[in-house]
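The sequence and the coordinates are shown first.

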Amino acid sequence: MSELKILVAPSMLAADFARLAEETKRVEEAGADWIHLDVMDGHFVPNLTIGPQAVSALRPVTGLPLDVHLMIEHPERYVSSFIEAGADRITIHAEAAEDLPGLVRQIAHAGKKVGVALRPQTGIEALRPCLEEIDLALLMTVNPGFGGQAFMPEVLPKIEALRRIFKRHIQVDGGINHETGRLTQSAGADVLVAGTYIFRSADPRQAIAALKGEGPPP
């Protein structure tokens, strides 16, 4: 899908948590399009990360969209808090929502962009109840919970199948670097979430450019 504009959303999960504001500014200056914030509750996934307070603290730091990915059980209990904190885009997991269409509508009615995420093992059929209402579909390319995992190439056919029926953003998250990023782009993805590849790079600007196909890898 070479006609798609590729967007890069650095995952703050790989940033220095003692310097989140500085790290956010650093990747913004390096060419990031969105700031991706992974929210984990220790139940839906086996890890704990940040909450609405971190979103609220970063909101005045950057003009980039805050792309909040909720990897939590009972997301309906917490969506309002993330809306109030200043999230621009909220992505919920199809596997976690009790009333997926209703939660999608709640986020959209609040004036926020809304996405639905799928674990690698979940088929795209799970998106059908809300496919016409969402702005983004996130296909995890690792099992959610931890950064630094290896990319799962078996997700590529799922990206291709989704692109045939979905014309808005397809985001991928997990094990993304310049090589795996290009594989997902060829399959139809247009928003790349990358953490370790960007934040552990000696040159984040060059890493982001490489993900967008605008230069060699760092």
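## Packing of α5 and α6

Helix α5 (residues 156–165) packs with helix α6 (residues 178–187) at an angle of about 35°, their axes being 8 Å apart. Axes are lines fitted to C-alpha atoms, for helices over the stretch in contact, and angles run from 0 to 180 degrees between N-to-C directions. Helices (H or I, at least four residues) and strands (E, at least two) are DSSP runs numbered from the N terminus. On the α5 side the contact (heavy atoms within 4.5 Å) involves L156, I159, E160 and R163, and on the α6 side L183, T184 and A187. Four of these residues are nonpolar, one is polar and two are charged; Ala, Val, Leu, Ile, Met, Phe, Trp, Tyr, Cys and Pro count as nonpolar, Asp, Glu, Lys and Arg as charged, and the others, Gly among them, as polar.

## Basis of the model

The model is predicted: local features need pLDDT of at least 70, side-chain atom pairs count only at pLDDT 80 or more, and totals for chains, interfaces and linings use all residues. Residues are numbered from 1 along each chain as its sequence is written, and side-chain values use heavy atoms, with hydrogens and water left out.

## Salt bridges

The whole structure holds seven salt bridges, each a side-chain nitrogen of Lys or Arg within 4 Å of a carboxyl oxygen of Asp or Glu. D190 and R163 form one, with closest N and O atoms 3.4 Å apart. D190 lies in the loop between α6 and β8 (191–194) and R163 in helix α5, so the pair ties together parts that are 27 residues apart in sequence. Both residues are buried, that is, under 20% relative accessible area, where exposed means over 50% and partly exposed in between (1.4 Å probe, protein chains only).

K212 and D33 meet at 3.1 Å, N to O. K212 belongs to the segment after α8 (204–211) and D33 to the loop between α1 and β2 (35–40), so this bridge links parts 179 residues apart in sequence.

In strand β3 (residues 66–71), six of six residues are buried. L66, V68 and L70 cover one side, and D67, H69 and M71 the other.

Strands pair if DSSP finds at least two bridges between them. β2 and β3 are parallel over six bridges, with H36 partnering D67. Four bridges join β3 to the parallel strand β4 (residues 89–93), where T91 stands opposite H69.
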